[in-house]
Amino acid sequence: MVPDSITDNSQLTAAAGSGDDIVDQESSDLEKAAAILNRLGDCVRQQVLGRDNVIELVIIALVADGHVLLEDFPGSGKTTLAKALGEAIVSHNSIGESGIVPFRRIQFTPDLLPSDVTGVPVFDSNSNAFHFRHGPIFAHVVLADEINRTSPKVQSAMLEAMGEKQVTVDNVTYPLDPLFFVIATQNPLDLVGTYPLPTPQLDRFLFKITMDHIDREAELDVLETWQQRRDQCNQTHSITRDEILFARKAIDSSVLIGSSNKSALVDISRNLREDDRVLQGNSTRSMVLMMPALQTLAAMRGRNYVSAQDIEMLLPFVLKHRVELAPGVSDFNKVLSDCMRGPMEQLARGTLHK
Amino acid sequence: MLNIETETQGQSSRSQFLPTSLRASIIAASYWILSLSLTNLSGSVASFVGCLLGCYLVDHFINRQPLNRYKTVFIIAVCSLFLVSGLLLSDLIVASTMLAGLVSPMNSYNAGEFIKWFLISAAITSILRTCAHRTRFGAVLEILFVTTAFIITLSAHRNGMIHRPYFIGDFALMRGVDPASILMAMGSGAVLCLAALLMVESNHRRLPYHFSILALLCFSLLGYVQFFGLPSPQYTDDLGLTGAEQGNNASQSDNPFRDSENNPENLEAPVAIVLFRDDYEPVNGSYYFRETAYSQYNGSLLDTTNRDDMDQDLVSHFTNTRVAVSEALPGQDSRSKVRTSIGMLTPHRSPFGLESPLEFINTPNPNNLRFKRTYDVVSMAPVFSFDDLIGQETGAEFWSEEVWDEYLQLPDDPRYRELATDLIANLKPEYADDPFAWAYSIKTHLDENGIYSLKNDHAYEADPAASFLFGDLTGYCMHFAFSATYMFRSLGIPARVGIGYSVPASNRAGGSSLLIQAIHGHAWPEVYFRDLGWVIIDPAPQQTLVDMTTDPQNSLQQLLGDMLRNEASFDEFLNSQPNPLIPLETILTFLSLLAAAVLATAYGVKYYRLWVPQYSARENQYRLSYRAVLDRLSSSGIRRNTGESREAFASRVGDMAPSFKTITQQHLYCALGTGNSLNVQEETFNWNSVSHEIQQQLGKQLPLWKKVLAAINPFSWLTTR
């Protein structure tokens, strides 16, 4: 389902050597940020084969401070992906200081309790006091496996953490790290004994990514190189948490989102809400959440502005789980492309006007 | 079929609306044209509306419930049923006296025509459309139909024909416009319509570009005709107005009773047009034009004379100047002088004129292509009263004995005299010795007992007149004329058979022109009275087996009359036409000027947009240069699709013109970003050289004909997005 992206990075890096002293601070920051993201991508791509587009989306979500919902089947590499991401990020010295681990995986089951996720105060007989023991959620990258299998109570605890970046236990609020990123998964087919996430809760996920099987060459490649990848598993922690936070800031400050882009987004949303085939359109929040994602994608493509291409690329992943279609309508992509055509055309034409 | 798949999705019916409308209007136009000659205005309108309705209904419902469950044959059968019931219903409405009484007869007729043509066109369109949807050959039928309509319309004007039926050419001629340009426009329209229809059928809707080229070619052809005219078509001998040679006398065989080529198809063919310059109304209800006369008995029947001293009132040949009748015409007091102009549409051996002609004056032919010969005739037309005719002596004073004998010769058959004396036996005593009364009672006998018929059994008898007169009394004018003449002669009245045309006075319909048609060819008996000259005593049988009435062709009569008039009066006529609010000529000129202005403006804008980037300010370069590049692409038919992003378009075109990617990127940096990309400074980017590169890259890729088209297409910039 993930469309092929047009990568023009090669052009960018080929010409990058010619930079001179006119290059201003912002541009160089942006270049650094793009380089960081590329390195992160390379790290993850070494471990996960054939999922380049998903990796790109996941990194975008990470930098754009969003979360990702993966819809897939068992054994498709989501744990590998999340683990590779977590391992690529963490820096050695940060573990000791904050007690935050790079990667945790929570397997959601019907009998899971909120405290299993957030952590629980335990009585320390030595100090005669309760100490909060951090749950698995205190990590940079959290894989919430089969999130629809657990009770709504646990789901809501998880979602609070995702939304507010904090955990409240016994009226004490514990903040999470600024770099807190959740990859949740659910199996779209095996629905027995599940608690499907309602639309407002789905709204907290920046992207919902539906994954297909990887193609034949990539699958072969996986089998060819599995030993090699197993062995180098623990090497190359190349990206620090601070670098990612720097990239986030740089991108935020120096990638332009033109007003024409924004009006195109608003027009598309309005078109969707007015469309007869749509029961419920997307929220304003989704558009707000999408802004940093667009900026990040533009930066990864080596641009300092957001263009129509970025919107085209990200919009399906942002909207698919937020828009509820009328009964009998199944083809979301068609609805979306119908609603997009007009605003995108206006956006494209707009570049010829002042 | 792709068509069906897209239609089933409901939503896409909106996208089908335009092609459906296009197709519907083209087919409806052909209905309009076809119905014009067959019905009145309400019928034409109905056929147009019916066709539109049929098209839309079928296109909309053919693939939906419940229509999609029925078989094609069933739908066609239902349509045919509608058709038949419509015909019956309209007949009922027209025939019903009650409806005609309620509303006026004209309204009920209009309503009947409306219903009839509405259902005809709706049903036939539905059948055609259904076939086009369901079968492979259906679309071909439809296109054939439209083609036929255009061909019928245009072929009615081949070789410069007019009035067959009253069509576009006549309409234009009446308004003094050369019909060639109108017909050319129609031809161009036909080409465009057919091309459009073909494209709609094959779903190649995205070729409006080639369309505009086609239209441009058509219009330039029109412009050529407007300025340089058409080569004159080869007019056929019959001028497209008549069928076979109609010269009444020229083609006649030796025996006038055997001219069985009374071909009913050609009966309405125009023979000549007569313009009346003076007021005249015939006494007995018909205008007579004598061309020749049978006066000499040659042993078996009457024939044209070979004596110089007989029939001197006839002129046997045309001259280039003027020719006067050599014989003095008696009875000038009871005749009125009438000047007429005659334009012959078919060749004749002898001039003819309104009886009785004094002189024939050759006149310049206003239209060599239409008229074989034009001349003026000064006639002394008879306005005899009954008193004038009674008590006349017969025969002229200057006739010699031999001439007298010739005018009294008849077959050696005593029955003529017996019947004639029988007929005059019962006359009142005061008229018993009067030659006119004798002649009149003979005419009355034929009027009351004769039966007019084109079919008769007398043609091969030794004396057909006798066979007719003493047989079943069934025959046509020749029989009546010969019989009457023989009986006149048997009583000692000098008589002959006049040959020419006789046209009912009502045909003039108040106008000054009179159309002579082949059906008006006639033969009649005439008698010479000393003080009056030749007087026509024409039997008019009361019983007739053939319908010799024709539709009055008033418009053709008027049209030909106007052509025969000289230019000044034709202009006068044109000026007298109503509704010349804006003359057609002016409109045409205005339209062609407008088209020229539009073209010039379009070219101006096109080349301005290509040229302006070289001189524009730096801050506008990114827009104008990029626009110029897009213009170049779109003139070669390369366009961004609706909703496609600029980058996607650039990568699509990238294979053809690699530099286009670069310029697109730079353009977007300037339009959406700060202008400075991460590696290229806006100040250092040379827009003009990059667009020049693109031009060269395109030049290598495109074939020559595309380049030529790109250069001449004036509207390519309109499609730039």
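Modeller: Start with A:Gly86. Leaving out residues up to four places away in sequence, A:Gly86 touches A:Pro102, A:Phe103, A:His140 and A:Val141. Two residues are in contact if their C-beta atoms, placed from the backbone, lie within 7 Å. This is a predicted model: local features need pLDDT of at least 70, side-chain atom pairs count only at pLDDT 80 or more, and totals for chains, interfaces and linings use all residues. Residues are numbered from 1 along each chain as its sequence is written, while chains are lettered from A and ligands numbered from 1 in the order in which they are written.

A:Gly86 sits in helix H4 (residues 78-89) of chain A. Helices (H or I, at least four residues) and strands (E, at least two) are DSSP runs, numbered from the N terminus. A:Gly86 counts as buried because it has 23 C-beta neighbours inside 10 Å. The cut-offs are these: buried means 20 or more other C-beta atoms within 10 Å of the residue's own, exposed means 12 or fewer, and partly exposed is in between, with C-beta atoms placed from the backbone. A:Phe181 is 95 residues from A:Gly86 in sequence, yet their C-alpha atoms are 9.4 Å apart in space.

Now compare some other residues of chain A. A:Arg285 belongs to helix H12 (residues 284-300). A:Arg285 has 11 other C-beta atoms within 10 Å, so it is exposed. Its C-alpha atom is 8.1 Å from that of A:Asp203, 82 residues away along the chain.

Two loops come next. A:Asn128 is in the loop between strand E3 (119-124) and strand E4 (129-134) of chain A. Its phi is near 55 degrees, a positive value in a residue other than glycine. A:Asn128 counts as exposed because it has 7 C-beta neighbours inside 10 Å. A:Glu146 lies between strand E5 (139-145) and helix H7 (152-164) of chain A, in the loop. Its phi is also positive, near 50 degrees, and A:Glu146 is not a glycine. With 17 other C-beta atoms within 10 Å, A:Glu146 is partly exposed.

Take the contacts in chain A between residues at least 6 apart in sequence: 79% join residues at least 24 apart.

Then look at the cores. A nonpolar core is a set of buried Ala, Val, Leu, Ile, Met, Phe, Trp, Tyr and Cys residues joined through C-beta atoms within 7 Å. The largest has 118 residues, and those with the most contacts inside it are A:Val58, A:Ala61, A:Val68 and A:Leu314. Helix H3 (residues 52-63) of chain A gives the most to this core, with nine residues. Another core lies apart from it, with 80 residues, including B:Leu275 and B:Tyr486. In soluble globular proteins, nonpolar side chains tend to be buried together.

Finish with chain B. It has 24 helices and 16 strands. Buried residues make up 37% of its 721 residues. B:Ser356 is in the loop between strand E7 (353-354) and strand E8 (357-362) of chain B.
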